[in-house]
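This report covers a ligand site and a helix pair. Please look at the sequence and the structure first.

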Amino acid sequence: MADGTQRGADEHFDVLIVGAGLSGVGAGWHLQHEAPGRSYVILEGREAIGGTWDLFRYPGIRSDSDMYTLGYSFKPWTEAKAIADGPSILNYVRETAREHGIDRHIRYGHQVTDAAWSSADACWTVTATRADGQTVRLTAGFVFLCGGYYSYEGGYTPDFPGAERFKGQVIHPQKWPEDLDYAGSQVVVIGSGATAVTLVPEMARTAGHVTMLQRSPTYVVSRPAEDALANRLRKVLPAKLAYQLIRWRNVLFGMWFFRLARNKPEAVKRNIIDMVRAQLGPDYDVQTHFTPRYNPWDQRLCLVPDADLFEAIKAGRASVVTDHIETFDETGVRLQSGQHLDADIVVTATGLTLQVMNGLALTVDGAAVDPGQTLSYKGMMYEGVPNLASAFGYTNASWTLKCDLTCEYVCRVLNHMAKTGLRQVTPRNDDPTIERQPWLDFSSGYVQRAMAKFPKQGSKAPWKLHQNYALDLMSLRYAKLEDGVLEFSNPARVAARETAAA
Ligand SMILES: Cc1cc2nc3c(=O)[nH]c(=O)nc-3n(C[C@H](O)[C@H](O)[C@H](O)COP(=O)(O)OP(=O)(O)OC[C@H]3O[C@@H](n4cnc5c(N)ncnc54)[C@H](O)[C@@H]3O)c2cc1C
């Protein structure tokens, strides 16, 4: 059954997916292929597909991980660039949805606000607000949260003293004005993360000058935008085989590099800094601007394709200033060192506002779920919350690697329930020795600001959150579903009916 059925006033679906980004579209594909016959709907708050890759429109928007691992396991990435631009990624998501008819399941302009679980009915009642202000209620056997990890309402901008005095434009990359003309302008980009290192070289092509103003440096690594081996392999091997080989090579390299960074931080640090020095030359102050105080992978590494950031710095079109803002004034930014940065435009590449559970208010049998108090099961379901999973990616590898595995796991669970006739699945923790730990162990500000509100991970499997594809592959694709923690059951009413019938 592809469409929902009417239950009284509400429509009912076997699975309700929140969000039509990379994850929601991927979830649709997995459901259709691995748990066929389930009815499903995708509720999308915006009027467009693609999530991140549609929302972000700043100059140069691109991936910072390779498309062989950011692409879906089932759809080879066939473009020449491995580090791809935003529009190409959006096109890839749209194409996937169109090719498999997933787009027919999407309802746009449906912002999901609440989900209430009833154990008596083994069913969620989900409320969404439509673009026209109307409230819609649907019921679903399973809710799959694929709404990403940050708020679409706006990014994070710290309160900068004196900001109201500034006569130029202040722009957050999440809300880029379509018609912004910055040719010849003096631009200051505040930040040192992936967005800043993307924007700076791109804007420097036409701006008068671009200054990247950072409080502290980040590790920046250059890689070729095109993967020469991948492009050669694609010429001689079938697309799917070439894709799988490159995907695995990149997965294994990523895991090896992460391990190395954790085991030998000093050596990896030296290596990265030496590469930057080789790019920028012996006279550049790499110590101040490109030598972080933390170890590699304590925060996300920044990737620059074809050394574009370094090229812009060498050409004098861009520069890096490492300092603290004392105040904005009419003409720019005054720094604690006394230096003044003149600016026509200030871009606040200061991060995202993380959002837990896609902003939904959840209740289970009338009791509110406090996400900050729950334990996450395998990094995707939640202690005491039945029939709900969420798609979340890796911090040290591409998002889609974990998302694909999560979708597969959800399909396994749905198939198991269909086979056994059990309609409720709930992770239960009865092990008092499990310690609660933060969901992510990143030291980045945007992560630290949000962690109290996020579910916790446990100190042991299956509550431990692996940032490791190989371990997740074992745990999600191959491990037994009935592990003594995941409880499959039937609502009391159904169970009583079945006992009576027997
Ligand atoms: C600028 C940028 C670059 C990135 N680059 C990379 C990269 O190179 N590699 C990588 O692995 N990751 C990257 N990421 C992380 C990136 O978000 C993920 O890779 C991926 O796009 C997430 O897809 P998603 O579908 O889970 O979430 P999103 O892309 O955020 O899409 C979520 C969708 O769900 C909708 N939604 C959310 N909540 C609700 C609700 N309550 N009701 C209805 N609809 C809702 C949103 O409107 C949106 O359309 C990047 C993120 C950003 C911001």
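Which helices and which strand each supply at least two residues of the shell around the ligand? They are helix H1 (22–34), helix H2 (52–55) and strand E5 (110–118). Helices are DSSP runs (H or I) of at least four residues, strands (E) of at least two, numbered from the N terminus.

The model is predicted: local features need pLDDT of at least 70, side-chain atom pairs pLDDT 80 or more, while totals for chains, interfaces and linings use all residues. Residues are numbered from 1 along each chain as its sequence is written, and side-chain values use heavy atoms, without hydrogens and water.

**Ligand site**

The ligand is surrounded by 33 residues (a heavy atom within 4 Å). The closest are Ser 23, Glu 44, Asp 64, Ser 65 and Tyr 152. E5 gives the largest share of the shell, 3 residues. By class, the shell has 15 nonpolar, 14 polar and 4 charged residues.

Polar contacts pair N or O atoms within 3.5 Å:

| Residue | Protein atom | Ligand atom | Distance |
|---|---|---|---|
| Asp 64 | backbone N or O | oxygen | 2.5 Å |
| Gln 111 | polar side-chain atom | nitrogen | 3.2 Å |
| Asn 358 | polar backbone atom | nitrogen | 3.0 Å |

Alone, the ligand exposes 970 Å², and the protein buries 95% of that (Shrake-Rupley method, 1.4 Å probe).

**Helix pair**

H7 (residues 239–263) and H8 (residues 265–280) pack at about 115°, axes 5 Å apart. H7 and H8 are therefore roughly perpendicular (65 to 115 degrees). Phe 257, Leu 260, Ala 261, Arg 262 and Asn 263 of H7 meet Pro 265, Val 268 and Ile 272 of H8 (heavy atoms within 4.5 Å). The residues of this contact divide into 6 nonpolar, 1 polar and 1 charged.

Technical notes. Polar contact = N/O pair within 3.5 Å; in protein donor to acceptor, adjacent residues only side chain to side chain. Nonpolar A, V, L, I, M, F, W, Y, C, P; charged D, E, K, R; others polar. Axes fitted to C-alpha atoms, helices over the stretch in contact; angles between N-to-C directions. Parallel < 35°, antiparallel > 145°, perpendicular 65-115°, else oblique.
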